[in-house]
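Student: Can we go through this one together? Here it is.
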Amino acid sequence: MSRRIQQIFGIVTLLCGFQLSAYSNPAEEAEPVIRILLVAGGHSHEFETQIEILRLELDAISTEEILWTVVTEPPSESENEPVLFQSPARADGYDLVIHLHNFPNLEEPSLVERVLHPHRKGTPAVVLHASLESFRASGSEWQEFCGADNTFETSLSQLSIEGGH
């Protein structure tokens, strides 16, 4: 994994206090730009505010220029498949994908497979807050990727993280 991606992981970890999940990408020559795909949306959270804070803070402390692509799904209580995950190639060309979404009641296994596809190919992921709640109705594949089992929302408590990628 390139040093600049590791730096971004560290920055996001410090800012957000979240569960980090990444599969290593082969080290490549450092480019002067970091390409980040931020996928956000769903219901029950103020995603627009979180997106703005995350972008401003990362831009302010990054030593590299960040080229952002932000794809959002409007708030919805429906259980329809989010448009932002319909293409398994959506993360092609990005150095990092940040997941900031909440779709807990979606049950389609092929949807989870499309969400995980770029990460299985090597694109690193950062999974923030509500994303741990996403896809919990579809089985354990997403939870295994995140390294946490969040099958229902609970009050604030400590989370133990074992192992690593």
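Tutor: A definition to begin with: a residue counts as buried when its relative accessible area is under 20%. Also, this is a predicted model.

Student: Fine. Which residues of H3 are buried?
Tutor: In H3, Leu111, Val112, Arg114, Val115, Leu116, Pro118 and His119 are buried.

Student: What do the buried residues of H3 pack against?
Tutor: They pack against S4, S5 and H4.

Student: What span should H3 have, and how far apart are its end C-alpha atoms?
Tutor: H3 has 12 residues, so at 1.5 Å a residue it should span 16 Å; the end C-alpha atoms are 15 Å apart, which agrees.

Student: And what follows H3?
Tutor: Glycine 122, with a positive phi near 120°.

Student: Now the largest nonpolar core. Which of its residues touch the most other members?
Tutor: Phe85, Phe135, Trp142 and Phe145, out of 21 residues in that core. Two or more residues come from each of strand S2 (33-42), helix H3 (109-120), strand S5 (125-127) and helix H4 (141-146). H3 gives the largest share, 4 residues.

Student: What does phenylalanine 135 touch?
Tutor: Leaving out residues up to four places away in sequence, its contacts include Phe85, His101, Leu111, Val112, Val115 and Trp142. Another core, of 16 residues, lies apart from the largest one, and Ala40, Ile98, Val126 and Leu128 are among its members.

Student: What lies 2.7 Å from a polar atom of its side chain?
Tutor: The backbone nitrogen of arginine 35.

Terms used. Residues are numbered from 1 along each chain as its sequence is written. This is a predicted model: local features need pLDDT of at least 70, side-chain atom pairs count only at pLDDT 80 or more; totals for chains, interfaces and linings use all residues. Side-chain values use heavy atoms; hydrogens and water are left out. A polar contact is a pair of N or O atoms within 3.5 Å; within protein, one must be able to donate a hydrogen and the other to accept it, and residues adjacent in sequence count only if both atoms are side-chain atoms. A nonpolar core is a set of buried Ala, Val, Leu, Ile, Met, Phe, Trp, Tyr and Cys residues joined through side-chain atoms within 4.5 Å. Buried means under 20% relative accessible area, exposed over 50%, partly exposed in between (1.4 Å probe, protein chains only). Contact means heavy atoms within 4.5 Å. The expected span of a helix is 1.5 Å times one less than its number of residues.
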